Amino acid sequence: MKLCRFQTPQSRPHVGLVLEDAVLDLAAEGIDRISSLLEFDGLLSQLNNLVSGQNLPRHRLSDVRLLVPVEQQEVWAVGVTYLRSKKARMDESDFSASAYDRVYDAPRPELFFKSLPEKVVGPGEAVGIRQDAKWSVPEPELALVINSRGHIVGHTIGNDMSSRDIEGENLLYLPQAKVYDRSCAVGPFINVGASEAQARSWNIELQIRRDREIVFQGETSVGRIKRGFGELVSYLFRSQAFPHGVVLLTGTGIVPPDTFTLQAADQVRIQISGVGTLDNPVVVV
Ligand code: DO4
Ligand code: MG
């Protein structure tokens, strides 16, 4: 079962249930916020009841504009959860290599703040590369959608846009490498009801196009994430409450070669088999 936020030319943002090529409009049921829905106990069976019991208004998916499925939730991220990410960070910086090496094996994961909700970009919106960066990459990541009680209630796609030269220069520059305008994209759908075991069987694919040519593509599996999802969430919720829930990006396992950097007008496409496709063009910010 997939949820989305969408808009038609006539409407305010609505919450929808995605069924193949249709969107069922939950506004008719008085549901106007995904985050409230995510607080329901037995969410999946409630969604199933909505689909089978009601004659909900429906739109063709191709007729609506999909919006970012984040409302008031902060977005956080985990780093160095894949061996590929650890190796890439160690290669980019002698200065920080031992920090990345240690955190990969340490009990406490690397968690960092990624974005305020209002700064997250949605499907089709531009992601940013910093004008003062020379080496910019997308980081395609499975995102856990977590409610205020710390329950993982869904999965979506996240892009943790990063400036690798800034990050590599000095570990203390990480917030500048990771947090800037348009540095976080999320969407298009929230898959509700998948277990961790199911999510671990999903593939993540990244494709970058420039003037219609594919200039990079790569893939990995969610199953290669070193840490359990429950472990990540329990560290995130230590001494910190998220009254609106939170979205947690789980780290990247796809790293383009060191000779590659994003440019303005590139098109970034991230696919996660259980969720869908997140497409974003690139702009300089
Ligand atoms: O410490 C650097 C960040 C690593 C990261 O964002 C990732 O592994 O995805
Ligand atoms: Mg990342």
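Which polar side-chain atom lies 3.5 Å from an oxygen atom of ligand 1? One in R89. Before I go on, some ground rules. This is a predicted model, where local features need pLDDT of at least 70, side-chain atom pairs count only at pLDDT 80 or more, and totals for chains, interfaces and linings use all residues. Residues are numbered from 1 along each chain as its sequence is written, chains are lettered from A and ligands numbered from 1 in the order written, and side-chain values use heavy atoms, with hydrogens and water left out.

Back to ligand 1. R89 makes a polar contact there, meaning a pair of N or O atoms within 3.5 Å. D160 has a polar side-chain atom 2.9 Å from a ligand oxygen. For K178, the side-chain N or O atom is 2.7 Å from an oxygen of the ligand. The protein covers 100% of the 280 Å² of accessible area that ligand 1 has on its own (Shrake-Rupley method, 1.4 Å probe).

Who stands around it? 16 residues surround ligand 1, each with a heavy atom within 4 Å. The closest are V80, S85, E110, K178 and T252. By type, the shell holds five nonpolar, four polar and seven charged residues; Asp, Glu, Lys and Arg count as charged, Gly is among the polar ones, and Ala, Val, Leu, Ile, Met, Phe, Trp, Tyr, Cys and Pro are nonpolar.

Now the metal. The magnesium ion is ligand 2, and its protein donors are E139 (OE), E141 (OE) and D160 (OD), 2.0 to 2.1 Å away. Donors here are N, O and S atoms within 2.8 Å of the metal (3.2 Å for Na, K and Ca); water is absent, so sites may look incomplete. The donor spacing in sequence is E-x1-E-x18-D. E141 sits in strand β10 (140-146) and D160 in β11 (152-160), so this pair ties together parts 19 residues apart in sequence. Strands are DSSP runs of E, at least two residues; helices are H or I, at least four.

Last, the backbone. The peptide bond from G187 to P188 is cis, with omega near -5°. P188 belongs to strand β13 (184-191). R182 is not a glycine, yet its phi is positive, about 65°. R182 lies in the loop between α6 and β13.

Key. A polar contact is a pair of N or O atoms within 3.5 Å; within protein, one must be able to donate a hydrogen and the other to accept it, and residues adjacent in sequence count only if both atoms are side-chain atoms.
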